[in-house]
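Dear colleague,

I am handing over a structure that you have not worked with before, and the notes after it set out what was found. Please keep the structure open while you read.

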Amino acid sequence: QVQLVESGGGLVQPGGSLRISCAASGVTFSSYAMSWYRQAPGKERELVASITNTGGTTNYADSVKGRFTISRDNAKNTVYLQMNSLKFDDTGVYYCNTRRWFGASYRDYWGQGAQVTVSS
């Protein structure tokens, strides 16, 4: 059974930094791309960043480019999101995600979420 467990959320001032982590189990971690999504109050969940299984390619939402960095450690089955120069709009619940394909169909797996609050 795939399990994703986020950690490291918290309260930070604007301009500050925070790193959140996601530990995976029940999956051959090095075989799967990983993503971070976030959901702000009253808004839809949005893709923030993604990383391929080897870590060789990353992609970011325009709103976080140059400020956030996604990385992974396949030896630790963990993916990270380093967030710098945080803004009020970065507030939300951050979810770790991976997608497994079963032929032509797929299933998304989600962690429980990590709350990130940017406030002065």
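Leaving aside its neighbours within four places in sequence, which residues is F68 in contact with? Before the answer, please bear in mind that this is a predicted model. With those neighbours set aside, F68 is in contact with R38, V48, Y60, L81, Q82, M83, N84, L86, D90 and Y94.

A search of the whole structure finds five salt bridges. In one of them the side chains of D90 and R38 meet at 2.9 Å, N to O; because D90 lies in the loop between strand 8 and strand 9 while R38 lies in strand 4, this pair ties together parts that are 52 residues apart in sequence. Both D90 and R38 are buried. D90 also forms a salt bridge with R67, where the closest N and O atoms are 2.8 Å apart. Since R67 lies in the loop between strand 6 (58–60) and strand 7, and D90 in the loop between strand 8 and strand 9, this second pair ties together parts that are 23 residues apart in sequence. R67 and D90 are both buried, and a network of salt bridges links R38, E46, R67 and D90. Another salt bridge joins D62 to K65, with the closest N and O atoms 3.1 Å apart; D62 is exposed, its relative accessible area being 66%.

The loop between strand 8 (78–83) and strand 9 also holds T91, which counts as buried because its relative accessibility is 18%, under the 20% cut-off. A polar atom of the T91 side chain lies 3.0 Å from the backbone oxygen of F88, and a polar atom of that side chain lies 2.9 Å from the backbone nitrogen of V118. Not counting residues up to four places away in sequence, T91 touches A40, Q115, V116, T117 and V118.

Several of those residues belong to strand 11 (residues 114–118), which has a covered face made of A114, V116 and V118 and an uncovered one made of Q115 and T117. Strand 11 is joined by three bridges to strand 2 (residues 10–12), and the two run parallel, with L11 standing opposite T117. Three bridges also join strand 11 to strand 9, but here the strands run antiparallel, and G92 stands opposite V116.

Further along strand 9 (residues 92–102) is R99, which counts as partly exposed because its relative accessibility is 32%. Apart from its neighbours within four places in sequence, R99 is in contact with Y32, Y106, R107 and D108, and its side chain makes a polar contact of 2.8 Å with the side chain of D108.

With kind regards

Technical notes. Residues are numbered from 1 along each chain as its sequence is written. This is a predicted model: local features need pLDDT of at least 70, side-chain atom pairs count only at pLDDT 80 or more; totals for chains, interfaces and linings use all residues. Side-chain values use heavy atoms; hydrogens and water are left out. Helices (H or I, at least four residues) and strands (E, at least two) are DSSP runs, numbered from the N terminus. Buried means under 20% relative accessible area, exposed over 50%, partly exposed in between (1.4 Å probe, protein chains only). Contact means heavy atoms within 4.5 Å. A polar contact is a pair of N or O atoms within 3.5 Å; within protein, one must be able to donate a hydrogen and the other to accept it, and residues adjacent in sequence count only if both atoms are side-chain atoms. Two strands pair if DSSP finds at least two bridges between them. A salt bridge is a side-chain nitrogen of Lys or Arg within 4 Å of a carboxyl oxygen of Asp or Glu.
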